[in-house]
Amino acid sequence: MEFETNKILIDSITPETANILSNLGEVVIDNLDLVDGVLKEVPIVSSLISFGKIGFNVSNQLFLKKFALFIKASENVKNSAAFASFKKEISNPDKREKVSHHLLEIIDKTIEEEKIRIYSTLFDKYVNGILTWDEFYILTLTVYDLHILGIQFLKEILDDSDLDKNISVPRDFREGYLATAGLSQRNGAQIKISDHGKKLYIYGFHQ
């Protein structure tokens with residue numbers, strides 16, 4: 001993106017911002033006119049307004065919509081104790097830059113809202129120390145690269161399955177997306193989900 005937002009991005013991910021966005025209706029989040037009303041209280045919005053960017057660049061408005069969805073979908077960011085620990089971890093400038101740049105890239109380049117929500121769920125796990133940075137990074141990249149139909153298929157077949165066993169599943173074209181990503185392997189009438197695929201399901205699809 002053209003504007004400097006890495007520091008603003010991290011500063012905007014706070015329990016206060018999450019609460020502001022949680023109190024907004026879906027209609028407000030879906031509205032591209034993001035400079036109106038209470039959204040001005042969100043640091044990244046007010047800062048970009050001051051830069052004179054908002055209102056002239058649709059791309060920036062779309063990013064803010066997705067970023068708002070990312071925070072609004074979060075549950076554990078509102079846990080101030082966990083978030084304080086996360087803030088301490090990223091007090092190192094290099095780590096802060098690494099985390100914020102990655103979030104900026106995947107949110108900005110992702111189209112599907114379902115993926116944004118999965119990023120948010122994985123971020124919650126990272127903030128709470130359930131996932132390491134490397135695990136969070138790899139899982140979010142997996143989601144970014146995986147076709148949305150593959151994500152939906154993975155969730156569909158695992159929702160009612162024993163994760164410790166191979167799954168009997170009729171052949172489905174969506175299976176190809178999982179296989180290409182290394183998340184599944186077919187053996188006759190059954191599919192074996194890789195450990196990475198199981199980790200994505202456990203930590204990315206459930207709060």
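Tutor: Let's start with a cut-off: buried means under 20% relative accessible area, exposed means over 50%, and partly exposed is in between, using a 1.4 Å probe and protein chains only. In the protein chain here, 45% of the 207 residues count as buried. This is a predicted model, where local features need pLDDT of at least 70, side-chain atom pairs count only at pLDDT 80 or more, and totals for chains, interfaces and linings use all residues. Residues are numbered from 1 along each chain as its sequence is written, and side-chain values use heavy atoms, leaving out hydrogens and water.

Student: How many helices and strands does the protein chain have?

Tutor: There are 12 helices and three strands; these are DSSP runs numbered from the N terminus, helices being H or I with at least four residues and strands being E with at least two.

Student: What is the order of the strands in the sheet?

Tutor: Strands of a sheet pair through backbone hydrogen bonds, either parallel or antiparallel. Here the order is β1-β3-β2 in an open sheet with antiparallel pairing, where pairing takes at least two DSSP bridges between two strands. β1 (167-168) and β2 (184-187) are the edge strands with a single partner each, so one side of each has no neighbour in the sheet. β2 and β3 (residues 190-193) are joined by four bridges. Ser184 has Ile193 of β3 as its bridge partner, while Asn187 stands opposite Gln190 in β3. Two residues lie between the strands of that hairpin, and Gly188 has a positive phi near 65°.

Student: Which residues of β2 are on the covered face, and which on the uncovered one?

Tutor: In a regular strand the side chains alternate between the two faces of the sheet. In β2, Ser184 and Arg186 are on the covered face, with Gln185 and Asn187 on the uncovered one.

Student: At what angle do α8 and α9 pack?

Tutor: Helix α8 (residues 113-127) meets helix α9 (residues 133-145) at about 170°, and their axes are 10 Å apart. Axes are lines fitted to C-alpha atoms, for helices over the stretch in contact, with angles from 0 to 180 degrees between N-to-C directions. So α8 is roughly antiparallel to α9, a label for angles over 145 degrees. Contact (heavy atoms within 4.5 Å) involves residues including Ile118, Leu122 and Phe123 of α8 and Trp133, Phe136 and Leu139 of α9.

Student: Which residues touch the most other members of the largest nonpolar core?

Tutor: In soluble globular proteins, nonpolar side chains tend to be buried together. A nonpolar core is a set of buried Ala, Val, Leu, Ile, Met, Phe, Trp, Tyr and Cys residues joined through side-chain atoms within 4.5 Å. The largest one here has 45 residues, and those touching the most other members are Ile13, Phe70, Phe86, Val99, Leu103, Ile107 and Phe123. Elements that each supply at least two residues include α5 (58-72), α7 (93-109) and α12 (195-204). α8 gives the largest share, seven residues.

Student: Is Lys95 buried or exposed?

Tutor: Lys95 is buried, at a relative accessible area of 17%. Lys95 sits in helix α7 and touches Glu89, Ile90, Tyr126 and Trp133, leaving aside residues up to four places away in sequence.

Student: What do the buried residues of α10 pack against?

Tutor: Their partners are α8, α9, β1, α11 (175-180), β3 and α12. Among the buried residues of α10 are Ile148, Gly150 and Phe153.

Conventions: Parallel < 35°, antiparallel > 145°, perpendicular 65-115°, else oblique.
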